[in-house]
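Dear colleague,

Please find the structure below, together with its sequence.

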Amino acid sequence: MMVNCCGLLTANKALVPLKSIEVELEVRDHVATVVSTLTYENKEDKPVEAVFVFPLPGDAAVCHFSAKIGQTQIVAEVKEKQQAREEYDDALSSGQQAFLLEESEQSPDIFTLSVGSLPPGESASIRLEYVTELAVQADDGLRFCLPAVLNPRYQPQGSGGSEGASVQVTSVPASLVPYSLSFSARVSSPRPVSKVESNCSLDPLQHLNTEQTQATVKLAAGHKFDRDVELLIYYKDAHQPTAVVEAGQTTAKTGTLMGDPVVMLSLYPEFPQSVMSSVASCGEFVLLMDRSGSMGSRMNNGRGQQTRISSARDTLLLLLKSLPMGCYFNIYSFGSSFEHIFPKSVEYSQSSMEEALKKVELMEANLGGTEILKPLKHIYSQPCIPSQPRQLFVFTDGEVFNTKEVINLVKKNSGSHRCFSFGIGEGASSALINGLAKEGGGHAQFITETDRMQPKQVMQSLRFALQPAVVDITVTWDLPKGVSATALSPPITALFQGQRSLVYAQLTGQSSEAAQGCVMVKYSLAGHPSQNPLPFNLKPAEDSGLTVHRLGARTLIRSLEMEEREHRGQQDEGVKKKVVELSVQSGVSSSYTAFIVVNKGNSKPIQGPLVRRNIPTPVLLKARARPKIARFGCCRGATLGSLHRKMGKPNQMLSLLQLNSSSAVLSSALDDEDIERPIPKQPCRDSLLQVVSLQNASGSWLFNPALADVLGKTSEEVDKSKPALVTQEVWATILALIWLHAFKMDAKEEWELLAMKAVSWLRAQNAPSVAECVEAGNALLGCKVQEDVLGL
């Protein structure tokens, strides 16, 4: 059982005041609004303070926070973080009720909610609202994830700094979480909703109209907190470029972000087929694999046969077999230390591929903690190879403490590489995975719900990496006279075929002319200049609320925060001040602000010493834990406000008590080095991976008994069926291609690149009797695959 390092739930059997979480999701096309209602009830005989550290999507814009006590609803204000903390402390000191919601300074996907002074027998209901964009998946589904699981974040030794104090999280196994979750979703779009899938049990999808453009779905009863709640939403028609103009807030001043209209552009670039059909045969592919102790956990929420690390080994096999001849590659793995297969990147060949695969087979989750900065710094210190664009693939379960520091490093080196990131398993930090790809000009994927690491997603990223880099990207606006656009988004640094890019802009001024505008995206791809125009109506859409404004504000806030971190110590507080002003004006959270509610209508001060109750967060890892900081008691005689003043700056406090009022950054309650797991018995490698493992780096297959065995034939049967004029290597390669097309079409995304390599090899051989080979191969395997289908 998980050791509870705070001892507030399991050791002391303390009552936990959080009773239920109700989540309502509304999806409009590709934008989601999430409303969570948390109900607290104090059944103890003394007042309590409840503290809950929980995950949210890293790119969410938290835009509303309110508390309902009895029949009184109080809406929170956004204030500068230190001011909000002091108001919270002062309220508790004077016996008033107060509620504080703050974002972690180290990772924007972690929040701390403090519910102060809940008197005996009283209930309080907290309402939290955020908006977020939904990511497009490899199969065109839109992914929504409600993080239920907060994995402890590994903090490297000596990485404590002045940015914020570490905080212990009370964690329990998912089965022992003492509060309930209900979840419902409403989906609407101009296009019909074809299906909604989930990794959790859902009640059947209910369409609300005959056009099927609106639908609802609910989480089935009895949900266990053993995973994040993931929805995949599919519309009947393919995604199209769109522009949505949203009117400004009538009460806000014209000329401000909230007072002016804001436009959200969804761009889906379509590249010329001639360019897309040619796959690059150059590039330096650097694969960085997490081998920390947490990678020893099983996939599929512990129910799968494979561990994360064994699934990672299979994925590396597919990647290595799919690399083009002529490229360079290397594989790094990391934990508390890091290792590399080659001292520097080597040319891809049969011998280098075989050497790498031998070492990949021996990889285990045995390198301790999750220290990703050191290997990244080493990789960036290596000189780039001329005419071989560097492509970095990062695989991690995302349990790191210094998220923003890692993302800053990737951004600093974004001019020399593209970064493709993969979050593995439940609880992977969305802030880390999305941030790596966004700042590295690559693409992010989350791999959670199946036994194997959804190779479809990994191979999609490899296809993106093999696309020529899109350069010289510009966005220009053609607007009526008197109207101008101010970008809220950072410049676009990467475009990929069929993948959405979002642009937010503030529209200032008015025009009496036609209410039409146009935005033009220009870029160069493989030396071919291209442009994609997107005309749009300047008339604001009706009934869109302020969703687009809040997403635009969140985008600008994140850019300014990044700018402030890059130049910290080199400039005045101007950028930070700008973030605070924008956050307060828009009502959207930032790392420098917090939501604060004080119940000033409470006439009687709350009497008695305040008892702290930490709300446990579900965690998946079953491990022995060694707390990194000392245990502290849960009761306090002094108020937090007085403790802050006595102990100095909040970021210097190491007491567990500081969770209320210093930054909510996690120090690992689990030490990855301490995780002890039995090594599970590995399942037999499936037939597809067996065929893949037998392919040569050149793309060909050699004829051997192992290949005959996977094809379900004896060596004699295969040899006897071979046409006389072809070599055994050509025969084996054609048989492997026929088998893939006949029996593994459901996994085509996984083997498509290595099949292209095989076809290229066959063409280079100028082999005679190819048609005869295909006919004989079909007869031998009992198939009817046509020669043109194989690409021959």
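A first point of orientation: where is Asp 29 found? Asp 29 sits in the loop between strand E1 (18-28) and strand E2 (31-41). Helices (H or I, at least four residues) and strands (E, at least two) are DSSP runs, numbered from the N terminus.

Please note that this is a predicted model, in which local features need pLDDT of at least 70 and side-chain atom pairs count only at pLDDT 80 or more, while totals for chains, interfaces and linings use all residues. Residues are numbered from 1 along each chain as its sequence is written, and side-chain values use heavy atoms, with hydrogens and water left out.

Backbone angles

Asp 29 is not a glycine, yet its phi is positive, at about 55 degrees. Most residues other than glycine have a negative phi. Asp 29 is also buried, its relative accessible area being 17%; buried means under 20% relative accessible area, exposed over 50%, and partly exposed in between (1.4 Å probe, protein chains only). Ser 117, likewise a residue other than glycine, has a positive phi near 55 degrees. Ser 117 belongs to strand E8 (residues 110-118) and is buried, with a relative accessible area of 4%.

Salt bridges

The structure contains 21 salt bridges, a salt bridge being a side-chain nitrogen of Lys or Arg within 4 Å of a carboxyl oxygen of Asp or Glu. Three of these pairs are described here.

The side chain of Arg 28 meets that of Glu 26 in a salt bridge, at 3.3 Å from N to O. Arg 28 is partly exposed at 41% relative accessibility, and Glu 26 is partly exposed at 31%.

Another salt bridge joins Asp 397 to Arg 308, with the closest N and O atoms 2.9 Å apart. Because Asp 397 lies in the loop between strand E25 (390-396) and helix H6 (403-412), and Arg 308 in helix H3 (residues 308-322), this pair ties together parts that are 89 residues apart in sequence. Asp 397 is buried at 0% relative accessibility, and Arg 308 is buried with a relative accessible area of 2%.

Arg 558 and Glu 561 form a salt bridge whose closest N and O atoms are 3.1 Å apart. Both residues lie in helix H9, three residues apart, which is about one turn of the helix. Arg 558 is buried at 16% relative accessible area, and Glu 561 is buried at 2%.

Surroundings of Arg 558

Helix H9, which holds Arg 558, spans residues 547-566. Leaving aside residues up to four places away in sequence, Arg 558 touches Gly 58, Ala 60, Glu 103 and Pro 108, where contact means heavy atoms within 4.5 Å.

A four-stranded sheet

Four strands form an open sheet in the order E10-E11-E18-E15, with antiparallel pairing. Strand E10 (135-136) and strand E15 (193-198) stand at the edges with a single partner strand each, so one side of each is left without a neighbour in the sheet. Two strands pair if DSSP finds at least two bridges between them. E10 and strand E11 (residues 142-146) pair in the antiparallel sense over two bridges; Val 136 has Leu 142 in E11 as its bridge partner.

With kind regards
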